Every structure is written in structure tokens, then in C-alpha cells.
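Please look at the structure below with its pockets in mind. The text then turns to a single residue.

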Amino acid sequence: MRNQPLNQIILQQLQHRCVQDLAWCVFSPPLVDAIDGHCRLWPELTPEILTQLRVLDENPIKLKQWLSASTSPRLGIIFERYWQYWWTTNTQREQWHFNLQINKDGRTLGELDALEWRANVATLHHYELAVKFYLQVPSESLGLTPDQNCPHRWVGPNLNDRFDIKWPQMRDRQLTALKDPARAPDLSWAPETVVTSSVTRGRLFTPLFAFPELATQTTAPELCPDYETGYWLHLDDWQRLDDGHWRILDRQEWFAPLHGEDRQELTTHEETYLALIEHFRHYRQPLQVILTTDTLVGWQEYRRYFVVPSGWPSNR
């Protein structure tokens, strides 16, 4: 069913926001490909699973209760909660450990996101999860020397969050914890095989107007070629966009594509521009916005952008 775009399924067949986000977290393309001896987790959205999602969409109370058990607003925690729900409702709960702290000699050395024990094959699966929204910028704009193999960087809205830092940390430290006796936790299982997998989701935003030279540069080889995309632009370039109806997103709306029935939830091109000016008058945090298109019953997301303040990222 990967031939049927997931986003169209979310927009046309699922109504509750939490079920849409669940589908996106589990079935959207990974950011990181299988590489360096680690697997990537990308389940196939089969007709049977789609039916399961539709049934959940009719009454998502259990999913809402599961999510409400955590009050953290952090997207990484919310992302983990969606995966934990999916795993525990589709496998035996006693096979799992989530957020298992590694303690040695009274010190906490780290945490394992998810462990799955498959007793019939004596195999332990270790999963590390991350959801990221990165913007492409030249290395020089961050005061960094360009890398010969990848002269640009992928950075988060918080410029300290960089793909070239996060992925090696996940690959070389987090996913290797069970192979290091000094860091491996004490477990009751005795695996003959350990399989490590990254579970990465998100979007990569390329510059729409700034840094045109980046369009011809080869991206990092670790990235999955199927990753979801968007654009980013400086506030100064807003008026270069086509007219339309927009919505500025809260962080909790960054996952699945959006749709709605009430067009009053949207703002005009000029109204959105004024709201962005007011935001950047007080803050420098980039904002995600969506351009929408009309449907027979309301509106749906057409394209997603990050808007950043003037001078970003060099002028912090």
C-alpha cells in the first residue's frame, strides 16, 4: 500500500487528530536509511492495518487515554508514546521494556528507548527513536568549515540540534549500548542475537529563496531517499509567495498533515504576514506554517513551510 500516499489516507480517511498522528508516526517514511549495520523500521500500511486504523478512528478513547498519561509537551516524548501504543496494542506487552535506564555503580549512563524480546527465536530487538524537523543551511552560515562529502548542514529550529551530531550519537552510542558491557543493563533475557534499529521520522526543509547553491549539492548519504519535505524562507521573502489561505502551526501540529471543516481557522496571506511580523518582533524561534487548498467540506494542507527571522541562521 506504499503506492497509495500515506498523506492522502490521513487527509481523506481519518478524522481524529490523534489517529492521524499515530498513522504518520508509524507509517511515514524514515529520515535515516538502513546503514552501518543498523536496520530502519518502516512498517507497511497493509489493507488490514488500514482497517484497524479506521476502527480506532471511530472510537479513539484508548489512544487518548494512553497519550494523556504523559503530560510532557516535548515532541520526542509524544512521538515515543505513539510508538509505544502501537507496539503494545499489536504485540504481547510483557515482551517490551520502554525507556529503560542504564544504571551502573549508582550512576545513570543513559536510557534505552525500546527493547522487544522475541523468545521463540531468542532475539532481542533494540529500537532508538527520534522525530526531527531539519532545515538545510550552508556550513559557513553556522561558522563551520564545509565537509568535503556534505558541504551543508541540517539544523533544527534550535540551531544546536544538528543532524550531523544527532545521527552519529544515535548510531555510535545509543544503538551500541547493548554491545558494551560497561553500559549494557541487567536483563532477565538471554538473547542469542541482538538486532538494532533506528526509528526516525520528520521532515527536511530546503531553502525556497535563500542559498540557491544548495539545490545542486548532494545530501547526506545516511538520509532515506523517501523522506518528507518542505521549504523554508526568511520573513523578508514572505511577499514573494503566492496568495492563499494559511495556518500557523502549534508545535503539537507538526506531525501529520492537517485538514478541517472551518475555514475561519485559516488566515489570509496578509493576515498571516502580520502575525509573523508580530511573532518575530518578540521571538526568534522559527514557525511552521501551511498553505491550504479548499475541499468540498472545508480545507486541507497543500504545502508546509518554516518561516525564519531576518538574517537566520547567521544572525542569532
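By class, six nonpolar, four polar and five charged residues make up the lining of the second largest pocket. Here Ala, Val, Leu, Ile, Met, Phe, Trp, Tyr, Cys and Pro count as nonpolar, Asp, Glu, Lys and Arg as charged, and the others, Gly among them, as polar. The model is predicted: local features need pLDDT of at least 70, side-chain atom pairs count only at pLDDT 80 or more, and totals for chains, interfaces and linings use all residues. Residues are numbered from 1 along each chain as its sequence is written, and side-chain values use heavy atoms, with hydrogens and water left out.

The second largest pocket has a volume of about 330 Å³ (the space filled by probe spheres set on grid points joined across faces, edges and corners). A pocket is an open set of points on a 1 Å grid over the protein atoms alone, where a 1.4 Å probe fits, with protein on both sides within 12 Å along at least five of seven lines; lining residues have an atom within 4 Å of a point. β12 (298–308) supplies at least two lining residues here, as do α1 (6–13) and β7 (228–234); β12 gives the most, with five. Helices (H or I, at least four residues) and strands (E, at least two) are DSSP runs, numbered from the N terminus.

The largest pocket holds about 770 Å³ of space. Among its 33 lining residues, Arg74, Gly76, Leu129, Lys132 and Lys166 are the closest to its centre. β4 contributes the most to this lining, with six residues.

Thr206 lies in strand β6 (residues 193–207). The C-alpha atoms of Thr206 and Gln288 are separated by 13 Å.
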